[in-house]
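Trainee: I have a structure to work through. Can we take it one question at a time?

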Amino acid sequence: MSLLSVDNLSTHYPGAAGTVRAVDGVSLEIAEGETVALVGESGCGKSTLGKSLMRLVTPSSGRVHFQGRDVTAMSSKELQSIRRSVQMIFQDPFASLNPRQTIRTILTAPLAVHGVSGRKRREEIAAQMVEHVGLPADALDRFPHEFSGGQRQRIGIARALILQPQLVICDEPVSALDLSIQAQILNLLVEMKTELSLSYLFISHDLSVVRYFADRVLVMYLGRIVESAATSDLWRGAKHPYTQALLAAVPDPSRRKQAAPITGDLPSPHNPPAGCRFHIRCPLATGICRTEDPIFRQLAGGHAVACHHAQ
Amino acid sequence: MNKLGTYAAETIDLEPPARAETARPATNPAAQPAAQPRWTHIHAPDVRASAVRSTAWRGLRREFKVFLSNPNALFGVAFLLVVALSALLASVIYPSDPMEMVARPFLWPGQNVTYPLGTDSMGRDVLAGILHGARISLTVGIAATLLGLSAGILIGATAGYFGGIVDDILVKFIEIFQTIPSFVLLVVLVAIAQPTTGTVTVAIATVSWPTVARLTRAEFRAIREKDYVLAARSLGFGHARIIFREILPNALPPLIVTSSVMVASAILMESALSFMGLGDPNRISWGSMIGAGRDVIRTAWYLTALPGLAIVFTVLALNLIGDGLNDALNPRFSEER
Amino acid sequence: MAALLDVRDLSVRFPSAEPVKGVSFTANPGEMLAIVGESGSGKSLTALALMGLLPRQARAGGQISFDGRDLLSLRERDLRRIRGRDIAMIFQEPMTSLNPVLTIGDQIVEVLRIHEDLSRRHARARAIELLELVSIPEPARRIDDYPHQLSGGMRQRVMIAIAVACNPKLLIADEATTALDVTIQAQVLQLLDNLRVKLNMAVILITHDLGIVAQWADRVVVMYAGRKIEEGFPGPVFDTPYHPYTRGLLAASPRLKADYHYSDGPLSEIPGSIISASGERGCSFRPRCPVARPACAFAVPELLSVSAERQVACPYVPIPSEVAHVASVGR
């Protein structure tokens, strides 16, 4: 049984210009101890998907099962128990910590809410956690503004891990950090994964980071998953034209002065094109692509694609 | 390993090209022992983090400093303290009822040393009146503001946090109060109830809470979308905890600034009511003194001017404090929120 | 070819800090120079100094020689004639760099009419040409759109159109593609390169993305804590970085370490952060440097010219003649 299983999840928002179909029929699975990456560009819905899994936004349809239990149908009381098991790390280290709270408060409050009694005990756990993520012990008395971006992200990680979850959803955790700090945080995440037996859903737009960090990659476009494969398989041979374009667009030192850009802009999730959502920008588009939405089908070796032309 | 000469006249080991260090990265040998390789950051202690300042005020230190370095704000605080002192010491200095007739009427200020600010048309001591009046002004001002703030924050926070239909209903409720002209409502409320200091206070609070509610609602709507609130929700915090511990402390700065101005308006409203004779008839207040001196303004203008100046300066002091608070709280606030 | 831009010992001082401490570099016509650095390196302030757009409390020192004139000695009035016409700049956030209440056509026409004596009709025609140059589809129709009606990539192209409207000799792109998605980024970079060739413009690309530098730049300058610490052609700098910071940066970059997975091992880190550089009397990188010596704490290392195009600010760099000798002998 997989740790997390998502079945045809959709999250639609009412928008000014019609319904925004941010997530439109996504199915995926995360096994225990696995790091699954969710990649895509802006507007693909990856952030909304992450929040929908945790019910921070309410999904419009579909099911999410965590350890066999149906999260989408839970009452708020039942949801509380899930909160211990699924946590989130946010992108912006400057906005994800309450500026008016000390680190001690930020770390002990979740413990208090989830019934860890005794102030001393909570402070002990917080102190351990702070050291675990590589911050000095006197960090507990400080305020977030006294820390650098990388350190704040460490605090965010500490907060996410202090309840000892099983699954951590990382929403672009290193995108806002400098390159030299990214490496520190990624290494920390890998260490924590082994130490605490975690699974990650790693949401990112940076393919190079994903290549290092993930076991399996899901590629999202306009609210749908268009390709799913093990990391090495994806880089060895991506099957979906969008994935291929994405990989080709990553700056490549060996292709001096020559981009291989795909034409056209990112479409908006207000009005997804008919048929295959990618057909307007796709070099392989044919008649069937304009009319029929391709289904997500399994190919050999755990590789799955939503494209009429892929084999 | 081959050694190479360097410009620094030292040799270094020839390293393979920087591509892919598959072994552990070179760490400073003088730092942590190899047993704890993960803490490689420790040999570069952050300057910020290494300066330990354990003052409890660290959290608000900067705001205090900015506020205290503002001469206008300091003047405002000083004057307000004088007013507060007068209010407190009024009964000590002038233990008898200031509405008692004590001397010849229409004594000018300075004419008689026992009555430094003169007497009014009924022979009442003006200075005693001003000192006792300070009490009414401050009491009503502060109490009405506190009441208005409490009601406004509660309603605004609920509307801003929950959104949806709760928000729609509460906003309509706020709008009803805002569309009725505030002074007219004030007069009507005081006229219906018995005019005492208490009813005046409640009436003023009733008229001033809608602004607070709107402000609070706007703040809550903005802060509700912040990542740290999302994090609190994802950690399973309940609504009450999120409203009071996560959002409200961050929503306070504009409210604090507004509150000083609210005290000023409350004092003005109370004075206006008393001027028209709608205030507590058993208490002397700055407004009632101005009202009493209205008929003789051409001859004994000091009866109007002196309490009038008291009001002007108190309101000015409060506004200066408000500006000072704004300067102190807002710049950091806008980067930190 | 004489250098179009010759920056000598540029420094930017604030009352409480000196974020740029004596930076020198050159830019030639038709060349793409990349200035690489992380936050706190001073690269953006360097760009603003070139344009004369530093904040009021900042004081610039040194010399910026552009086309024979020292920009730092010019009056604001003369600088205004150069800005937008001879030197142009594009910024990171396409959302906020365009005026939301003017159509994009108005904004391009505005620049044209300030610097060139064109009638309104001619300016509008030229604006449509420019939109076509930057590959905006249906330019004659879109010229009357407002910025909010365009996507981020489109807005960035409009900004580029405004910047190249008067055929500038130098274009400064300050993290111009950082906020863009990777497929749009590729388009914009290709566009910038095409314009560079077409207009024989010098382009200074300020970025923190080493991949972009490796793919597009002709020369690269690496900055750390307000100083230039390495310079050279991208190929050699990335193949054999000399400065420990450059080495650390390349090692930490997953982009340039293809085929490396977390199951193979950790990423090389540069420990600590840029904050450790403040207050350092000697080399600013010393607190984070894996090969630091006691001497590094006392004197700021000078820039050494390792070869004709290569400079490093670190004495613990192998002397090239010895490297060549060892390489020929075989390691």
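Trainee: How far apart are the end C-alpha atoms of helix H3 of chain B, and why does that agree with its 23 residues?

Mentor: First, remember that this is a predicted model. Helix H3 covers residues 71-93 of chain B. At 1.5 Å a residue, its 23 residues should span 33 Å, so the distance between the end C-alpha atoms agrees: 31 Å.

Trainee: Where does H3(B) bend?

Mentor: Compare the axis fitted before a residue with the axis fitted after that residue. In H3(B) the angle is about 35 degrees, and the bend is at Ala87(B).

Trainee: Which residues of H3(B) are buried?

Mentor: Count the other C-beta atoms within 10 Å; 20 or more makes a residue buried. In H3(B) the residues that pass are Ala73(B), Gly76(B), Val83(B) and Ala90(B).

Trainee: What percentage of residues 134-322 of chain B is helix?

Mentor: UniProt, in an unreviewed entry, lists that span as "domain: ABC transmembrane type-1". Its end C-alpha atoms are 20 Å apart.

Trainee: What percentage of residues 4-247 of chain A is strand?

Mentor: An unreviewed UniProt entry places "domain: ABC transporter" there. The ends of the span lie 28 Å apart, C-alpha to C-alpha.

Trainee: Which helix gives the most to the side of chain C that touches chain A?

Mentor: In all, 39 residues of chain C are in contact with 35 residues of chain A. Helices H7, H8, H9 and H11 of chain C each supply at least two residues of that side. The most, eight residues, come from H8(C).

Methods
Residues numbered from 1 in each chain as written. Chains lettered and ligands numbered in written order. Predicted model: local features only at pLDDT ≥ 70, side-chain atom pairs only at ≥ 80, totals over all residues. Helix = DSSP H or I, 4+ residues; strand = E, 2+ residues; numbered from the N terminus. Expected span 1.5 Å × (residues − 1). Bend = angle between axes of the 7 residues up to and from the residue. Buried ≥ 20, exposed ≤ 12 C-beta atoms within 10 Å, placed from the backbone. UniProt positions renumbered as here; feature names shortened; annotations may be inferred. Contact = placed C-beta atoms within 7 Å.
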